[in-house]
Amino acid sequence: MIHSRIAGTGSYLPPRIVTNDEFSERLETSDAWIRERTGIAQRHIADESQGSSDLALEAGKAALQAAGARPEDIDLIIVATSTPDFIFPSTACLLQAKLGSKDCAAFDVQAVCSGFVYALSIADKFIKSGQHKCALVVGAEVFSRILDWNDRGTCVLFGDGAGAVVLRASDAPGIHSSVLRADGRHSGMLSVPGNVSGGKIIGSPFLQMVGNQVFKFAVKVLDEVGREALAAAGAGIGDVDWLVLHQANVRILDATARKLGIPPEKLVVTVDHHGNTSAASIPLALDEYVRAGRIKAGHRLLMEGVGGGFTWGAVYATF
Ligand code: ACO
């Protein structure tokens, strides 16, 4: 049987850091409120000249280097993003051209903050089918472009960035299981309800959210889907070395770990210095812990995302 295994990780954060104090200078908010309710102290914001494909390029190059792979080795590129450079072509095609990896399949996945888990699960299945051998799976976002910077309830929560993994065909697993879910009835809880038509924006181009409903829903489904992914692999809570959750806010992370019965020392936390980077948050967090020598080869990871749609999912893997 063909398995798929993460062969390398990479990430990129734009250099500009925005602290909570920058918000309190112009909005009715404070560093103390933002830290207490979200755990976020700072986030990175992309320069106007940078699109998601530029962030994805830097993360992708770092992942290729870590995997000892060349652009021409890649036969599948999947980019998870809700903030693509353009309506089309896809950010994955733009990334392919920038990387110089010719002719391989390339497409975007739109599952908002669950995007990376969706993309990783898809790449795993493409590799297990035998048709692809080496995939670059990227989460890349410039959420700063879809925020109303005068809405204190949303603009303080998000940041920009990209994370990537190289997923290779392997004799040993790898990815043991993945579970993907969605429920479009909850589309109004978190959305950017606008589109472009006839040269105009129809609806709203800004992120809207019912924060406290999102909070409760996220904790509930992350608990359920994590258990489902473990059960599908014949594993239990004790078989998790690291819980790599979508980095939405510290209170969601803590509450989910508690509900799953996973101790805090196994919980990966980067949202404090990245903010919520949507589809980029899981691979960004993964890469940070790998490069810090905390996540090591052989460790078992439970990766879980939840986001607009609503979408949610989990991947259980040996790193
Ligand atoms: N600074 C100060 N006050 C604020 C701010 C702010 N930045 N934002 C909201 N408030 C105010 C509200 O206006 C409200 O004031 P009011 O009582 O006068 O009406 C008060 O704080 C309480 O608002 P709540 O929304 O009830 O506050 P809550 O404790 O729920 O915290 C938060 C808000 C942080 C958004 C919380 O609901 C949350 O974390 N929700 C999850 C949302 C999330 O993480 N979304 C990320 C995207 S979804 C995802 O990635 C899965």
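**Where the ligand lies**

The ligand lies between domain 1 (3-171) and domain 2 (176-318), because both give residues to the shell around it. These domain bounds come from an automatic or database domain assignment. The model is predicted: local features need pLDDT of at least 70, side-chain atom pairs count only at pLDDT 80 or more, and totals for chains, interfaces and linings use all residues. Residues are numbered from 1 along each chain as its sequence is written, and side-chain values use heavy atoms, with hydrogens and water left out.

Which residues come nearest to the ligand? Of the 22 around it, these are Thr-29, Arg-37, Arg-152, His-246 and Asn-249; a residue counts as near if one of its heavy atoms lies within 4 Å. By class, the shell has eleven nonpolar, eight polar and three charged residues. Here Ala, Val, Leu, Ile, Met, Phe, Trp, Tyr, Cys and Pro count as nonpolar, Asp, Glu, Lys and Arg as charged, and the others, Gly among them, as polar.

Helices are DSSP runs (H or I, at least four residues) numbered from the N terminus. Helix H2 (31-38), helix H6 (152-155) and helix H7 (211-232) each supply at least two shell residues. H7 gives the most, with four.

Some polar contacts (pairs of N or O atoms within 3.5 Å) can now be located. A ligand oxygen is 2.4 Å from an N or O atom in the side chain of Asn-249, and an oxygen of the ligand is 2.8 Å from an N or O atom in the side chain of His-246. At Arg-152, a polar backbone atom is 2.9 Å from a ligand nitrogen.

Technical notes. A polar contact is a pair of N or O atoms within 3.5 Å; within protein, one must be able to donate a hydrogen and the other to accept it, and residues adjacent in sequence count only if both atoms are side-chain atoms.
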